[in-house]
Amino acid sequence: MSDIQEKIQETIELEVEQARNVCDTSGSNSAECAAAWDAVEELQAEAAHQRSKKPKNSLEQYCDDNPEAAECRVYED
């Protein structure tokens, strides 16, 4: 899991550098600058989402593999 987080962080750093370059070239009020920073923001949101994911416990993993097992039955009222 840390490999994914490391790759996301590296990508964010590259996108931040690219956004800075775009803003330096086209101006800080340009549409290109805004789009570049939007891309950075989306990557940061995905990184936060990845960090907040809770790993499955052993029962959840078992039920994913064996949905028909008695332990995995879900009863609705």
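This is a predicted model: local features need pLDDT of at least 70, side-chain atom pairs count only at pLDDT 80 or more; totals for chains, interfaces and linings use all residues.
Helices are DSSP runs of H or I with at least four residues, numbered from the N terminus. The protein chain averages a pLDDT of 87, and 97% of the residues score at least 70.

Two notes on reading the model. Residues are numbered from 1 along each chain as its sequence is written, and side-chain values use heavy atoms, with hydrogens and water left out. Local features need pLDDT of at least 70 and side-chain atom pairs count only at pLDDT 80 or more, while totals for chains, interfaces and linings use all residues.

Now look at helix H2, residues 31-52. Which of its residues are buried? They are Cys33, Ala36, Val40, Ala47 and Gln50. Buried means under 20% relative accessible area and exposed over 50%, with a 1.4 Å probe and protein chains only. Seen down the axis of H2, the buried residues fall within an arc of 115 degrees, so they line one face. That arc is taken from the directions from the helix axis to the C-beta atoms. The face turned away from them carries exposed Ala31, Glu41, Glu42 and Ser52.

Next comes the largest nonpolar core. Its seven residues are Ile8, Ile12, Val16, Ala19, Ala36, Val40 and Ala47. Such a core is a set of buried Ala, Val, Leu, Ile, Met, Phe, Trp, Tyr and Cys residues joined through side-chain atoms within 4.5 Å. H1 gives the largest share, four residues.

How values were computed
Helices (H or I, at least four residues) and strands (E, at least two) are DSSP runs, numbered from the N terminus. The expected span of a helix is 1.5 Å times one less than its number of residues. pLDDT is the predictor's confidence in each residue, from 0 to 100.
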